[in-house]
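Q: I have a protein model open and want to get my bearings. Can you walk me through it?

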Amino acid sequence: MEIKILDGHAATARMACEKFQEAWHALFRSCRWATGFQAPAFALAWYETYAATAEPVLVIAEDGHDLVGLLALAWDGGSYRLFNVGDHQAEYHAWIAADHLANAFIIEALSALSETFPRSSLSFRYLPPDAPTAWLDEAHPLRDSLSIRKVSRPLIRLIDDQQIETSLRKRSNRSRLNRLRKACGGELTSRVIGTEEELATVIDEIARHYDQRQSTLNGIRPFLDDADKKEFHLKLMRAGCLHAFTLHAGSSFVAAIISVKSGRCLSLGILAHAIDLAPCSPGKFGVLFMALAALRDDYDLIDLTPGGDWKDRFANDGDWVLEAKVWFDRRAMMKARLNEQAISSLKWLLRPCGPMPQKIRQLLAVSARRIKR
């Protein structure tokens with residue numbers, strides 16, 4: 001197995017090659033742990049959208065003329081940051097490889113990256129649930145530079161519509177639905193969006209409500225802070241990577257959910273709902289009606305993705321995934337671990353004070369995100 005690292009123009013030229021794209025797609029289709037976030041369509045849309053701020057980096061392994069391993073990354077030279085394609089907009093970070101090279105490829109790839117990017121690190125947040133993990137325990141030069149964390153993943157198994165219909169018929173839910181109809185002056189209507197043109201007509205409204213919700217919860221405004229996020233999602237829809245669902249009452253926006261397709265699984269990416277309708281639980285009904293639509297479209301799993309206590313209320317199943325980070329610079333690793341310990345200690349010291357004010361929670365969240373980067 002020969003490992004090559006292509007970056008900048010060399011990586012861009014390789015990705016523009018039709019034969020390479022075909023080989024990438026074939027490897028993706030055969031890789032048992034690949035998700036929609038490792039699909040060439042997802043990666044190419046992201047690279048094109050963020051070309052001005054992220055330099056592509058491809059780690060490839062070839063056996064003769066066959067592509068047998070690929071790790072798609074990006075590099076920000078200003079911050080010396082190396083990261084998986086999609087960055088925070090990809091729920092699962094991973095390489096793809098022939099099954100017999102599942103662990104060997106990533107060990108060799110990381111070793112090569114440590115020589116090319118010695119001041120950097122690389123996070124996999126999160127590894128897909130079926131991703132190989134033997135490399136995390138095997139003896140190799142970077143083994144002591146690994147940080148690993150186990151994280152719960154809430155799931156909705158789509159068995160039949162009776163379970164969802166039963167939930168909608170509960171007295172409390174019927175009452176909220178009636179209040180929702182009355183508040184909006186109309187009946188509920190749902191729609192699965194199938195084209196880029198359809199998504200373009202509602203993406204601004206979805207973005208506005210999503211930013212409002214995220215600003216309240218986490219102190220961030222994903223669409224407003226990222227001028228390219230809208231275009232990225234439109235490109236993903238054009239490439240067939242997305243499942244988008246909207247819920248309205250009369251002419252009023254209630255909720256929208258945008259997910260990435262991974263076979264018969266949908267990975268939740270964006271949940272937006274009207275904040276002024278919060279007493280009527282618009283987000284809850286968005287998830288329930290979206291689950292009905294997904295079931296009827298022959299999906300069998302909604303991956304609510306790790307993070308967010310509210311997701312556990314919808315889940316009827318769950319499992320665990322891993323977050324892994326490898327440091328190429330041991331000094332930077334020690335500094336980051338000390339910072340993580342400081343944040344954990346601060347949280348522990350604040351526990352006797354009761355619920356933390358929103359501003360403090362947001363500051364701690366921002367600090368944690370910066371360390372993980």
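A: Let's begin with contacts in the protein chain. Among those between residues at least 6 apart in sequence, 73% join residues at least 24 apart. Keep in mind that this is a predicted model.

Q: How many helices and strands are in the protein chain?
A: The protein chain has 12 helices and 13 strands.

Q: And what share of the residues is buried?
A: Buried residues make up 50% of the 373 residues in the chain.

Q: Which residues have the most contacts inside the largest nonpolar core?
A: Leu71, Trp95, Trp135 and Leu199 do. That core has 119 residues. Helix H10, residues 282–296, gives the most to this core, with 9 residues.

Q: What is Leu71 in contact with, leaving aside neighbours within four places in sequence?
A: Its partners include Val57, Leu58 and Val59. Also among them are Ala94, Trp95, Phe105, Ile106 and Phe124. Asn84 is another one of the residues in contact with Leu71.

Q: New topic: aromatic pairs. How many does the structure hold?
A: It holds 16 aromatic pairs. One of them is formed by Trp75 and Phe117. Their rings are 4.7 Å apart, centre to centre, with 45° between the planes. This pair is tilted.

Q: Why does that pair tie together parts that are apart in sequence?
A: Look at where each residue lies. Trp75 is in strand S3 (residues 66–76), while Phe117 is in the loop between helix H4 (102–116) and strand S6 (121–124), so the pair ties together parts 42 residues apart in sequence.

Q: Is Trp75 buried or exposed?
A: Trp75 counts as buried, because its relative accessibility is 14% and the cut-off for buried is under 20%. Phe117 is buried too, with a relative accessible area of 7%.

Q: Which residues form an aromatic cluster?
A: One cluster is made up of Phe37, Phe42, Trp46, Tyr47, Tyr50, Phe83, Tyr92 and Phe232. A charged residue comes in here as well: Arg81 lies over the face of Phe83, at 4.1 Å from the ring centre.

Q: What lies over the face of Phe223?
A: Lys229 does, at 5.5 Å from the ring centre.

Q: Let's switch to helix H2. What should its span be?
A: Helix H2 has 13 residues (18–30) and should span 18 Å at 1.5 Å a residue. Its end C-alpha atoms are 19 Å apart, which agrees.

Q: Which residues of H2 are buried?
A: Phe20, Trp24, Leu27 and Phe28 are the buried residues of H2. They cover an arc of only 100° around the axis, so they sit on the same side of H2.

Q: What covers them?
A: The cover includes helix H1 (8–16), helix H3 (40–49), strand S2 (55–63), S3 and strand S5 (96–97).

Q: And what does the face turned away from the buried side carry?
A: That face of H2 carries the exposed residues Glu18, Lys19, Arg29 and Ser30.

Q: Now His233. Where is it?
A: His233 is in helix H9, residues 229–238. His233 is buried, at 7% relative accessible area. Not counting residues up to four places away in sequence, His233 touches Gln89, Leu199, Leu242, Ile258 and Ile270.

Q: Last one: where is Cys184?
A: Cys184 is in helix H6, residues 171–184. Cys184 counts as buried, at 14% relative accessibility. Leaving out residues up to four places away in sequence, Cys184 touches Ala249, Ser252 and Leu277.

Q: How far apart are the C-alpha atoms of Cys184 and Val254?
A: They are separated by 9.0 Å, though the two residues are 70 residues apart along the chain.

Methods
Residues numbered from 1 in each chain as written. Predicted model: local features only at pLDDT ≥ 70, side-chain atom pairs only at ≥ 80, totals over all residues. Heavy atoms only, no water. Phe/Tyr/Trp six-rings, centres within 6.5 Å; stacked < 30°, edge-to-face > 60°. Helix = DSSP H or I, 4+ residues; strand = E, 2+ residues; numbered from the N terminus. Buried < 20%, exposed > 50% of the residue type's maximum accessible area, 1.4 Å probe, protein only. Lys NZ or Arg CZ within 6 Å of the ring centre and 35° of its normal. Expected span 1.5 Å × (residues − 1). Arc of directions from axis to C-beta. Contact = heavy atoms within 4.5 Å. Core = buried A, V, L, I, M, F, W, Y, C linked by side-chain atoms within 4.5 Å.
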